[in-house]
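Here's a quick briefing to read alongside the model. Have the sequence and the 3D view open as you go.

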Amino acid sequence: MAGKPKLYYFDGRGKMESVRWFLAAAGVEFEEELLETREQYEKLLQGGSLLFQQVPMVEIDGMKMVQTRAILSYIAAKYNLYGKDLKERALIDMYVGGTDDLMAFILIFPFLSAADKEKQCAVIVEKATSRYFPAYEKVLKDHGQDFLVGNSFSWADVHLLETILMVEEKKSDVLKGFPRLQAFKAKISSIPTIKKFLQPGSQRKPVPGDKYAETVRRVLRMPFDFKAN
């Protein structure tokens with residue numbers, strides 16, 4: 001019997017958080033090795049575990065997988081959350097690509113200066129409300145179903161809910177004016193595995209703060225600061 005997937009990342013969200021979300025949504029228990037020191041990271045490098053010398057890395061089914069998109073695609077296919085045919089899979093990829101684009105504006109947030117954080121918050125809300133959320137509102141309206149693709153729960157739904165909640169952390173009423181997204185959020189949040197993940201005490205990580213940013217900088221020896229978009 002295969003063991004639990006093991007996740008190698010920092011004690012924070014970053015690019016691994018979507019993996020945590022997806023495993024939890026699929027009802028899969030997982031373990032984590034949290035990187036806190038440069039020595040831990042170098043051990044992974046020296047052991048050949050990091051193909052492209054970067055994390056996230058997930059041990060699953062005898063593989064050491066890197067590249068977040070590849071990890072998520074594998075989980076989606078393994079747990080039947082990737083559509084029923086090639087057309088549905090293409091739509092899922094397209095919708096996930098859109099949420100990835102919006103999420104990219106959020107992932108750099110912990111590494112910005114205080115002044116740039118204020119600017120970036122405005123950028124995130126503007127992008128969400130003028131470009132991305134209107135698109136998903138239209139998808140749900142045109143599709144006429146509770147889910148983004150077909151009439152079943154998929155990777156695209158998990159990723160969109162994760163992104164919505166992240167944007168709401170910047171502006172709590174950001175879904176005002178998007179009734180279908182409000183209904184979507186309520187429905188997907190009520191799915192038992194996701195409802196459990198949203199409860200206190202789960203492996204979901206909190207909003208990343210200074211400690212997370214400092215750990216990432218120290219372990220990766222980041223020589224630069226991000227700038228607001």
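Predicted model: local features only at pLDDT ≥ 70, side-chain atom pairs only at ≥ 80, totals over all residues.

**Pockets, domains and helices**

The lining of the largest pocket sorts into 18 nonpolar, seven polar and three charged residues. Residues are numbered from 1 along each chain as its sequence is written, and side-chain values use heavy atoms, with hydrogens and water left out.

**The largest pocket**

- This pocket holds about 770 Å³ of space. A pocket here is an open set of points on a 1 Å grid over the protein atoms alone, with protein on both sides within 12 Å along at least five of seven lines, and lining residues have an atom within 4 Å of a point. Grid points are joined across faces, edges and corners, and a volume is the space filled by probe spheres set on the points.
- Helices (H or I, at least four residues) and strands (E, at least two) are DSSP runs, numbered from the N terminus.
- α4 is the top contributor to the lining of the largest pocket, giving four residues.

**The two domains**

- The protein chain splits into domain 1 (6-79 + 198-220) and domain 2 (86-190), with bounds that come from an automatic or database domain assignment.
- Why does the largest pocket lie between domain 1 and domain 2? Both domains give residues to its lining, so the pocket lies between them.
- Taken over C-alpha atoms, the centres of domain 1 and domain 2 are 22 Å apart.
- Across the boundary, 21 residues of domain 1 are in contact (heavy atoms within 4.5 Å) with 19 residues of domain 2.

- α4 runs for 22 residues and spans 30 Å from first C-alpha to last, close to the 32 Å expected at 1.5 Å a residue. That expected span is 1.5 Å times one less than the number of residues in the helix.
- Buried residues of α4 include Glu-88, Ile-92, Tyr-95, Gly-98, Leu-102 and Phe-105. Buried means under 20% relative accessible area, exposed over 50%, and partly exposed in between (1.4 Å probe, protein chains only).
- The packing partners of α4's buried residues are α1 (17-25), α3, α5 (114-143) and α6 (155-168).
- In α3, the buried set is Thr-68, Ile-71, Leu-72, Ser-73, Ile-75 and Ala-76, and these buried residues pack against α1, β3 (57-60), β4 (63-66) and α6.
- After α3 comes Asn-80, with a positive phi near 55 degrees.

**The second largest pocket**

- Its volume is about 260 Å³, and its lining includes Ala-24, Phe-30, Pro-192, Lys-196 and Gln-203.
- Helix α8 (residues 192-197) gives the largest share of this lining, four residues.
- By class, the second largest pocket is lined by five nonpolar, four polar and two charged residues.

**The cavity**

- Searching the whole structure turns up one cavity of 30 Å³ or more; a cavity is a set of points where a 1.4 Å probe fits but cannot get out.
- Arg-13, Glu-17, Trp-21, Glu-162, Met-166 and Arg-204 line the largest cavity, and α1 and α6 are the elements that give two or more residues to its lining.
- That lining has two nonpolar, no polar and four charged residues.

- His-159 is in helix α6, and it counts as buried because its relative accessibility is 2%.
- Not counting residues up to four places away in sequence, His-159 touches Ser-18, Val-96, Thr-99, Asp-100 and Met-103.
- Lys-227 is in the segment after α9 and is exposed, with a relative accessible area of 59%.
- Leaving aside neighbours within four places in sequence, Lys-227 is in contact with Ile-108, Leu-112 and Asp-116.
- Lys-227 and Phe-109 are 118 residues apart in sequence and 9.1 Å apart in space, C-alpha to C-alpha.

Conventions:
Nonpolar A, V, L, I, M, F, W, Y, C, P; charged D, E, K, R; others polar.
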